[in-house]
2 protein chains.
Amino acid sequence: MVQSKSVVYAKLPDGFPVPGETLVVESKDVDISTAPEGGVAIKVLLVSVDPYMRGRMRDESKTTSYSSAFTLGEPIDGGGLAKVLESNNPSFQPGDHVTGLIPHSEYVVLDAQRAKTLRKIHNPYNLPLERFVGVLGMPGLTAYASLYEIGELHRSEKETIFITAASGAVGSLVGQLAKREGLRVVGSAGSDEKVKYLVEKLGFDAAFNYKTESPKEALAKYIPEGLDIYYDNVGGETLEAAIDNAKPHARFIECGMISQYNRKEDEEPYGVRNLMEIVKKKLKIQGFIVGDIGAKYAEQFQKDVQKWLHEGSITYQEDVTVGIENEAEGFVRMLRGQNFGKAVIKYADA
Amino acid sequence: MVQSKSVVYAKLPDGFPVPGETLVVESKDVDISTAPEGGVAIKVLLVSVDPYMRGRMRDESKTTSYSSAFTLGEPIDGGGLAKVLESNNPSFQPGDHVTGLIPHSEYVVLDAQRAKTLRKIHNPYNLPLERFVGVLGMPGLTAYASLYEIGELHRSEKETIFITAASGAVGSLVGQLAKREGLRVVGSAGSDEKVKYLVEKLGFDAAFNYKTESPKEALAKYIPEGLDIYYDNVGGETLEAAIDNAKPHARFIECGMISQYNRKEDEEPYGVRNLMEIVKKKLKIQGFIVGDIGAKYAEQFQKDVQKWLHEGSITYQEDVTVGIENEAEGFVRMLRGQNFGKAVIKYADA
């Protein structure tokens, strides 16, 4: 028996989640000495906290969404990395590092069904484990798969991509992939420090702080030629401005709409008024989920990005919160855009 | 020399065009006895009037659109059918019937450049010429090409398509093609008579009058299972309702947004507030122009639809206005949805 703390979903939030109210830490004893048939006992080392998780904090009856709602009273789950302690499954050995859908608990016993989501990591360059929940994890694969699947790169001569939340886990990789492809890359972020990072560290051609420049004016200024691809993480007013700025045949990769996620119950969502441009400009505006499109890119993605990380030609930034008891604060900081880099919660080093 | 009347674009409209003000009839002498090198002299028999033409009545400097603005003081143009009178082009002989981009004048001499848009019709079943500007013309090809190019038919088991302006030239063919493909087909139109036509004549599974039932309630009632494909001709509030009703992975074929075309200068376009569903439901919302996607379907389209018309297995409806002097009224009636079937202006029988 070990004492194991969990992050439990305790109450539906209205607007931003509240640590200690929406999410609470609970502790209980777990028997990790054996694993059930086909299952594993694991020690969780790292979990990823991502904007889409806010979408799982909802009344299940109200919305259809790609990801199921969290269950009240149960630990939340998501992408993470764990060490196998005991295994009753031929695919895993004690000591293996695995990624997959992981409950936010320090120690967990997974049955055969849940063990199916796990994948042993392949780490030939011995990269730090944090990478595997960020730039090499779901956010990285999201960036890679969606850019190639929906982006239709190089439809015309010299293309420009605009990326919002560009210093985030997904956006920063999208930008660097686009630079490798020879595109002109423009991003927006929520602080001058992040803007500087985009231009100086990631090699963006231009970037702006959306808190001090309106998207409409900034797009006219930084993309006078019009955008070919919009990688959307924010929605709302910026999406409207991007539609106005778009060139004919532009592709909109709809990864997220974080500006609309944390509305209060009584706040109206932003109404986008220029959808007529979809017809006029023959735009394609497409949502996706990495679960649908990721598999076909996963192998090439790991091969490419591990190599580039090893060579040092891909820059990444991680924002690590240490300790399961600090997870809820780390999650809300990320939702408010106060993190700088991929938000990761570290439960243990090994 | 012949006297030839033309429909001339005289003034930028604010809201609906006004016959005699926006469009005026002018007459002049035309020498049709010879054609220039590579060109033809033609007598125009039929022209098509379509919603997109309202979009060409704009200040060119203000919007980017797929179709160029009409030129003030010049005849408007569009899809039409003409008889060749004189030809200095080896592709055409006097007496040939040709379709293409045709100026709205009774008699026209086209130079080599403009003659390039013409195509001699192939009419093995000797179908009436009206068909070639409607169900066999640009509107028909629009329906056919966009449904197959963007619709991704049969992604799931038994799919439902919702079509707005379903009794119109494009919508009525889309609906019949979808029925042939085995889809469940639901349409909306602007009168009880049209609704009856959709169900009784075109075999739609359900239809409603959007003037007496709100799109939101009607979709919940007629498509409780959720739509897989939305064929959008209207935009605005109905688009918003369709996004709410859509199943995951639904495809939106954005053909037109007629609800937004005839706004007054000071009217705000409708703000669509639920675009977050694009991300949640992985929707694809795509505009297109038949000029880009039509060519690859054109041959199969003519073959299929001519055959089905000959067999009588495709139903069509034409709304013919006789006489070039009545064109502007016919055009505005179509924009107001007062036509029943494809709006065609007949200049002459032969």
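What is the handedness of the crossing where H3(B) passes H11(B)? Right-handed is the answer for H3(B) and H11(B), and by that I mean that the near helix is turned clockwise from the far one by less than a right angle, with anticlockwise being left-handed.

Okay, a bit of housekeeping before I go on. This is a predicted model, where local features need pLDDT of at least 70 and side-chain atom pairs count only at pLDDT 80 or more, while totals for chains, interfaces and linings use all residues. Residues are numbered from 1 along each chain as its sequence is written, chains are lettered from A and ligands numbered from 1 in the order in which they are written, and side-chain values use heavy atoms, with hydrogens and water left out.

Back to that helix pair. Helix H3 of chain B covers residues 138–150 and helix H11 of chain B covers 295–311; they pack at about 115°, with axes 10 Å apart. The axes here are lines fitted to C-alpha atoms, for helices over the stretch in contact, and angles run from 0 to 180 degrees between N-to-C directions. Helices (H or I, at least four residues) and strands (E, at least two) are DSSP runs, numbered from the N terminus.

So who touches whom? From H3(B) we have B:Gly140, B:Leu141, B:Tyr144, B:Ala145, B:Tyr148 and B:Glu149, and they meet residues of H11(B) including B:Tyr297, B:Phe301 and B:Asp304. Contact means heavy atoms within 4.5 Å. By class, this contact has 8 nonpolar, 2 polar and 3 charged residues. Nonpolar covers Ala, Val, Leu, Ile, Met, Phe, Trp, Tyr, Cys and Pro; charged is Asp, Glu, Lys and Arg; the others, Gly among them, are polar.

Over in chain A, look at H3(A), residues 138–150, and H10(A), residues 295–311: their axes come within 10 Å and cross at roughly 115°. That crossing is right-handed.

How do the two chains relate? A rotation of 180° with 0.0 Å of shift along its axis puts chain A on chain B, with an RMSD of 0.0 Å. The two copies are thus related as by a two-fold rotation axis. The superposition is by least squares on the C-alpha atoms of residues with pLDDT of at least 70 in both copies. In chain A, the residue that comes closest to the axis is A:Gly271, its C-alpha at 2.0 Å. And the copies meet through the same surface, because 100% of the interface residues of chain A are also interface residues in chain B.

Now a cysteine. B:Cys255 sits in the loop between strand S12 (246–254) and helix H8 (258–261) of chain B. Buried or exposed? B:Cys255 is buried, with a relative accessible area of 15%; buried is under 20%, exposed over 50%, partly exposed in between, with a 1.4 Å probe and protein chains only. Setting aside neighbours within four places in sequence, its contacts include A:Val279 from chain A, plus B:Thr142 and B:Phe288.

Two last stops. Helix H7 of chain B, residues 236–245, is largely enclosed by the rest of the structure, because 8 of its 10 residues are buried; among them are B:Leu239, B:Glu240 and B:Ile243. Then there's A:Ser172 in helix H4 (residues 169–180) of chain A. A:Ser172 is buried at 8% relative accessible area, and beyond its neighbours within four places in sequence, A:Ser172 is in contact with A:Ala166, A:Ser167 and A:Leu202.
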